[in-house]
Amino acid sequence: MAASLRASSSSLRSRLLSSSAAWSPWRLLLSSSVHSDAANQTETLAFDEIQLSPEKPSTATAFVLHGLLGSGRNWRTFSRTLASQLRDRNPSDEWRMVLVDLRNHGNSAKIKGLCPPHDMSNAAKDLADLVKARGWTWPDVVVGHSMGGKVALDFAESCSRGDYGESAALPKQLWVLDSVPGEVNTDNSDGEVERVLQTLASLPSSLPSRKWVVDHMVSLGFSKSLSDWIGSNLKKDNEHVTWGFDLQAAIDMFTSYRERSYWSLLENPPKGLEISIVQAEQSDRWYPDDVQRLKALSRRGSKPDAGKVSFHVLPNSGHWVHVDNPKGLLEIMAPNFLSSVQN
């Protein structure tokens, strides 16, 4: 299986890189921040912050991690609505949502100090570097969609091992949204993510307009909602539009996402950590054995000396959960989200 994954990934990389020279990263016009450490000449990840009442001190922090080819801005509306619902449920909660642009994506695409290899472990370490550079408290919750879900798992695993130093604190909860914890084999699926990558790589470097891209994606059989989301990652460049990611580095990250497995973390979650897995009902990447394994772990509950795993199914949604059924996702997450009262 591993050999098949490597061969498939290598084939995908070869197909995509043939047109990668025409792609260049660009800067999204967000209220994101880029931190520079002048002494070390390094920069940390770009991010955007959402807090309903910024004049008040926050009671807890959640990091929100996007998926492949996305950016933090894709989750702004959802994160704001989630923060509002959490405060409605508990008026004393004042959540601070940090929407991170992972390496090679969004505003972080222009950062030169995020060195290879472009994999899940380095993407997770970027989060730790961001916390340390900004002098923040460590996040109470990490929410990750797709590739971001595996970055969240890697972050928690590394925290539990002490990889980030003695100051690092383990998150109390992870939300892993439609991200299979083990190796991802798309041989028996329709490979929607791969088809998106291949389609984008086939396009010229200079695109006429966002509408043209959306219409083109729809004409190829992609849903209107997915096509609109893809189009949201475009920015005006003179008379044309361009993308906001480094394609070659994104392919490397996708390969790492497919090959990494975190089943050992789910089998033995560290004390104090809840890992909440959400499967999109219509997602094409879940094998029955994976689902049964997660259900069994969820039924096991928590032990005094260990964490716990919970498992949820999001109805009427494909892989792009925040696009396909954001209302349903909120109905799962808000009642089960960590309360800052627990901190």
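**A side chain and its contacts**

Mentor: Glu-331 makes a polar contact, side chain to side chain, with Lys-327, at 2.6 Å. A polar contact is a pair of N or O atoms within 3.5 Å; within protein, one must be able to donate a hydrogen and the other to accept it, and residues adjacent in sequence count only if both atoms are side-chain atoms. The model is a predicted one, where local features need pLDDT of at least 70 and side-chain atom pairs count only at pLDDT 80 or more, while totals for chains, interfaces and linings use all residues. Residues are numbered from 1 along each chain as its sequence is written, and side-chain values use heavy atoms, with hydrogens and water left out.

Glu-331 sits in helix H12, residues 326-336 (helices, H or I with at least four residues, and strands, E with at least two, are DSSP runs numbered from the N terminus). Glu-331 counts as partly exposed because its relative accessibility is 49% (buried is under 20% relative accessible area, exposed over 50%, partly exposed in between, with a 1.4 Å probe and protein chains only). From C-alpha to C-alpha, Glu-331 and Leu-314 are 9.3 Å apart in space, and 17 residues separate them in sequence.

His-105 belongs to the loop between strand S5 (95-100) and helix H3 (120-134). His-105 counts as buried because its relative accessibility is 0%.

Next come the charged pairs. The structure holds 15 salt bridges, a salt bridge being a side-chain nitrogen of Lys or Arg within 4 Å of a carboxyl oxygen of Asp or Glu. One of them joins Arg-96 to Glu-49, with the closest N and O atoms 2.7 Å apart. That pair links distant parts of the chain, Arg-96 in strand S5 and Glu-49 in strand S3 (residues 47-51), 47 residues apart. Arg-96 is buried, at a relative accessible area of 10%, whereas Glu-49 is partly exposed, at 41% relative accessibility.

Glu-194 pairs with Arg-258 in another salt bridge, where 3.8 Å separates the closest N and O atoms. Glu-194 lies in helix H5 (residues 192-202) and Arg-258 in helix H8 (residues 247-259), so the pair ties together parts 64 residues apart in sequence. Glu-194 and Arg-258 are both buried.

A further salt bridge runs between Glu-267 and Arg-293, with the closest N and O atoms at 3.2 Å. Here helix H9 (residues 263-267) holds Glu-267 and helix H10 (residues 288-300) holds Arg-293, 26 residues apart. Glu-267 is partly exposed, at a relative accessible area of 26%, and Arg-293 is partly exposed, at 35%. Salt bridges also link Glu-157, Arg-161 and Asp-163 in a network.

From H6, Arg-210, Val-214, Met-217 and Val-218 meet Lys-224, Ser-227, Asp-228, Ile-230 and Gly-231 of H7. H7 has as its buried residues Leu-226, Ser-227, Trp-229, Ile-230 and Gly-231. These buried residues pack against H5, H6, strand S8 (234-237), strand S9 (240-243) and helix H11 (321-324).

Methods: Contact means heavy atoms within 4.5 Å.
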